[in-house]
Each structure stands twice: as C-alpha cells, then as structure tokens.
Amino acid sequence: MSATNGPGISERRLVPIGSVYMTNRKKVFVFKCTERPCNRKTYTRMYDLRRHYDGAHASQGPKFWCPYEGCERSARGGGPSFPRKDKLKDHVRSMHNGGD
Ligand SMILES: [Zn+2]
Ligand SMILES: [Zn+2]
C-alpha cells in the first residue's frame, strides 16, 4: 500500500466518474463525463458531473424509473433514474399529478 492512496481506500475501490480538463482561463475547469453514451457532455462544476453520474451511471443501489410511458425519466426515456423511491414519488406527484 502506498501512502498516496488517501485515507485507506484501496485502489480497486476507486471508480472514475469523469475527467477534469483545464481551460485557458485560470481557475476554470471543465468536468467531462467519460461514459460512452455521453462523451461530449461537459459540466463546469464537479457537483453537476457528480449529480449526472449518480443519476445516469451509478451502478450501486437500486434504480427507480418513472412508470409513466413517454416520460423522459422512465427507463425507455433514457433517464436519469431516481436513486430513491421517495424522489420518484415526488416526481410523479409534481410531473404527472399522480400519487400512489
Ligand atoms: Zn454520463
Ligand atoms: Zn415521469
């Protein structure tokens, strides 16, 4: 184990979620999703990339898709899915005037 690995996290557990690019303007960075389907998507804040990754690519945990066909957050619509059931409920309530 090398000392550069941070707080005891094994290299094998590190998952790349994108790349960071420096621009020609100082302190301006671009965060890019490196997953194949969205190779050209870029974000100016790491937070946004992170949020995108969590919604679209994070594989841990269950995914909740909107049950309404044609909705962009349904499995067919391409997502992103919801990481939590209550988030999906909120979505259904506000977007489709529905409850359960
Ligand atoms: Zn992506
Ligand atoms: Zn929906």
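**Group meeting: a walk along the chain**

Reading along the sequence, this protein runs β-β-β-α-α. That gives us 3 strands and 2 helices to talk about. Please keep in mind that what you see on the screen is a predicted model.

Let me start with the overall picture. The protein has 100 residues, and 10% of them count as buried. As for contacts between residues at least 6 apart in sequence, 19% join residues at least 24 apart.

Now, the annotation. UniProt, in an unreviewed entry, places the feature "domain: C2H2-type" at residues 31–57 and again at 64–96. What does the model show in those two spans? Residues 31–57 are 41% helix and 15% strand, with the end C-alpha atoms 15 Å apart. Residues 64–96 come out at 36% helix and 0% strand, and there the end C-alpha atoms lie 16 Å apart.

Let's zoom in on F31, which sits in strand β2. Is F31 buried or exposed? F31 is buried: it has 21 other C-beta atoms within 10 Å, and the cut-off for buried is 20 or more. And which residues does F31 touch, leaving out those up to four places away in sequence? The list is G18, V20, T42, Y43, M46 and L49. Take V20 from that list: V20 and F31 are 11 residues apart in sequence, yet their C-alpha atoms are 4.7 Å apart in space.

Next, step back to K27, in the loop between β1 (19–22) and β2 (29–32). Here the picture is one of exposure, because K27 has 6 C-beta neighbours inside 10 Å. K27 also has a backbone feature to look at: its phi is near 70°, a positive value in a residue other than glycine. As a reminder, most residues other than glycine have a negative phi.

Finally, let's go to helix α2, residues 85–96. Helix α2 has 12 residues and reaches 16 Å from its first C-alpha to its last, close to the 16 Å expected at 1.5 Å a residue. How many of the α2 residues are buried? The number is 0, so α2 lies largely in the open. Just after α2 comes N97, with a positive phi of about 50°.

Thanks, everyone, and I'm happy to take questions.

Technical notes: Residues numbered from 1 in each chain as written. Chains lettered and ligands numbered in written order. Predicted model: local features only at pLDDT ≥ 70, side-chain atom pairs only at ≥ 80, totals over all residues. Helix = DSSP H or I, 4+ residues; strand = E, 2+ residues; numbered from the N terminus. Buried ≥ 20, exposed ≤ 12 C-beta atoms within 10 Å, placed from the backbone. Contact = placed C-beta atoms within 7 Å. Expected span 1.5 Å × (residues − 1). UniProt positions renumbered as here; feature names shortened; annotations may be inferred.
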